[in-house]
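Please read the following report alongside the sequence and the coordinates shown below.

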Amino acid sequence: MKILKKVSLAMLLLTVGGSGFAQDKVQAPKKEEPKMEWFDDAKLGIFIHWGIYAVEGISESWAFFNNYISHDNYMKQLEGFTASRYKPLEWVNLIKESGAKYAVITSKHHDGVSLWDSKADQATTTVKHSAARKDVLSPFVGALKGAGLKTGIYFSLPDWSHPYYDVNTRTRKRYLLKDEPQRWNNFVNYYQKQLTEISENYNPDLIWFDGDWEHSSAEWQAPQTLALLRKYNPNIIINSRLNHHGDYDTPEQGVPVVKPESRYWELCYTMNDSWGYQPFDTHYKTPNMIVRTLADCIAMGGNLLLDIGPKADGTIPEEQVAILKELKRWTGKHGEAIYGTRTGLDQRFGRHKTAFSKSGKTLYVYLDAKSSDISFLGLQSKPKEIRVVGQPKSSRPLAFTYNGYDLTVDLLTAAFDEAVTVVAIDFAEKPVFDLNRTVGKPSLPGILSQSDARQAIQDVVRWSDFGANLLEGAITEDGQLLRKDLVFNSPEVKDWVMKHAEILHDASAGIPGGHYTGYSALSKDKQRLYLFVDGVPTGPIALKGVKNTIARIRIVGEGSMLSHQIFNKLYWSAIPGIIYIDVPKERLDKKMTVIAVLLDKPIELYREKVGAIESNL
């Protein structure tokens, strides 16, 4: 019965207040499109932003658009774009070894500089106008195809440098379309001519459009453009930035809190805060963070398109190479849990990142902390075997307990990965998950009477997360007074409860799933967020979608102040960045650590769709 209680409490707490999870089942995925299968299977791609902006290390195109630098001075970078140490085969080797299955390279950004020998009217190219005096796109595409990787071409619809285009900078337009319709038609012919060249020269598998927000579908002649591309490749994949004529969504920079609605999607994401090479941007995410972001995308059924920004001479910064090499290590070890996987379980069945194999007969669990066990509920199918991915076949499978509804996996013998450990739960047939039971609120004396300290503490934590505070009125905030009738079977449980009285005395329901992988609670005024940390994290704790400003972060019960970093927060955007909290291993509680995050006001969460960035001030 202990195992039953352990996991049932985790997910059936909506019975408190009269509602339950009766008959809540896993939803069947939408029908797959055959041409999208390779993309759906890939999971990891590499984005490459390379252009003249790498010469001075400034923002690609936006630097002159926002009048940070004059257009003339921006274009002078053509004189410094040498590509003198450019080795496309080395690039492709790095990409392939990282585990990526495709790459997307900028053929032309909004500045209008084409990396190939375009013959379109008045095109600016690296062949005719840069110090390199050569086509730098063709050798890369050739190497990519030679390596068996899929070819993606980024193409900017706007061309802020071209005389036929209406927009020049944020504050200057060359003309209005209604006044000079033929001039606009000339531009449409120009950009479609370039797409014809790309189609004929490279036969790409994917076109990655950008900048569609500046004009309507009719003005771009988007349907005609789509027909042009499909004439050369009927199975070409188009992203969503052709005025929604594409095949998949492209959230940018913000890791989704909840799974995007689109059946197919791809997160485009920088390693630091910049797309192109910027030498003074040293705000790099760690390799650990990047691997965990990849696991986030896999669990939600999407792809990670991770960006690199080579220097003007064609070399790739060391920090970016290091991240690619860590991806090589992790993907090489966990391939079966990456490629061909599909969206995992809703977190109501278990507070873990998960994905299914394409057959649906294996559930992969992605763990970024070392803990003693993991649990699921609502499982109607008995596992055949449970194992750690990447271990020798001779390794012993993991022990587990299953009672027909609840599953607990023992991880005491597991060999944990330094970044993300993957546990594979194998079934003879596709498993059925169904939350078809309800459980009433347990009594506090019943929980405290348990001899298993971990069990008792987890029960308290889980009920707190769902808003059923078992200790309300039983303990004071300072932990000095405890209700006299309470009897603790385990001294360890009593010590833990007294230590964490600050939150346990008045805990309110925690934040919804997706913001944090684990359980949480809020203070009554919603201005303090408490994160329950089980086990030993492999890196900083990640918190997504919190709009608030953080006043301070500390460990409950012992007072240590913690540092944090925020990544991918654009000051002009409403989308919050990711908060990473560093927790020293020596300060972790052996039973369960609690982190208090003090906010500037009652918590506000962002759970909206993350889309393209249409401004870059």
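## Overall architecture

In this predicted model, the protein chain comprises 16 helices and 31 strands. Along the principal axes, the C-alpha trace of the protein chain extends over about 85 × 50 × 45 Å. The radius of gyration of the protein chain is 27 Å, which agrees with the value near 25 Å that a compact globule of 617 residues would have.

Of the 617 residues in the protein chain, 60% are buried. Among contacts in the protein chain with a separation of 6 or more, 73% are made by residues 24 or more positions apart.

## Surface and charge

The protein chain exposes about 24,300 Å², and carbon and sulfur atoms supply 50% of that area.

## Aromatic pairs and a cluster

Across the whole structure, a search finds 31 aromatic pairs. One of them is formed by phenylalanine 47 and tryptophan 208, whose rings are tilted, with 4.9 Å from centre to centre and 50° between the planes. Phenylalanine 47 and tryptophan 208 are both buried.

A single aromatic cluster is formed by Phe155, Tyr165, Trp184, Phe187, Tyr190, Tyr191, Phe209 and Trp220.

## Two positive phi values in one loop

Histidine 244 is found in the loop between strand 10 (237-238) and strand 11 (266-269), and its phi is near 65°, a positive value in a residue other than glycine. Glutamine 253 lies in the loop between strand 10 and strand 11 as well, and phi of glutamine 253 is near 70°, again a positive value in a residue other than glycine.

Which of these residues is buried and which is exposed? Histidine 244 has a relative accessible area of 70% and is therefore exposed, the cut-off for that class being over 50%. Glutamine 253, at 5% relative accessibility, counts as buried, because buried means under 20% relative accessible area.

## Glutamate 318

Glutamate 318 is placed in helix 12 (residues 318-334), and with a relative accessible area of 70% this glutamate is exposed. Glutamate 318 and aspartate 478 are 160 residues apart along the chain, and their C-alpha atoms are separated by 50 Å.

Conventions. Residues are numbered from 1 along each chain as its sequence is written. This is a predicted model: local features need pLDDT of at least 70, side-chain atom pairs count only at pLDDT 80 or more; totals for chains, interfaces and linings use all residues. Side-chain values use heavy atoms; hydrogens and water are left out. Helices (H or I, at least four residues) and strands (E, at least two) are DSSP runs, numbered from the N terminus. The radius of gyration is taken over C-alpha atoms; the globule rule is 2.2 Å times the number of residues to the power 0.38. Buried means under 20% relative accessible area, exposed over 50%, partly exposed in between (1.4 Å probe, protein chains only). Contact means heavy atoms within 4.5 Å. Accessible areas come from the Shrake-Rupley method with a 1.4 Å probe; for residues, only the protein chains shown count as cover. Rings of Phe, Tyr and Trp (its six-membered ring) pair if their centres lie within 6.5 Å; planes under 30 degrees apart count as stacked, over 60 as edge-to-face and the rest as tilted.
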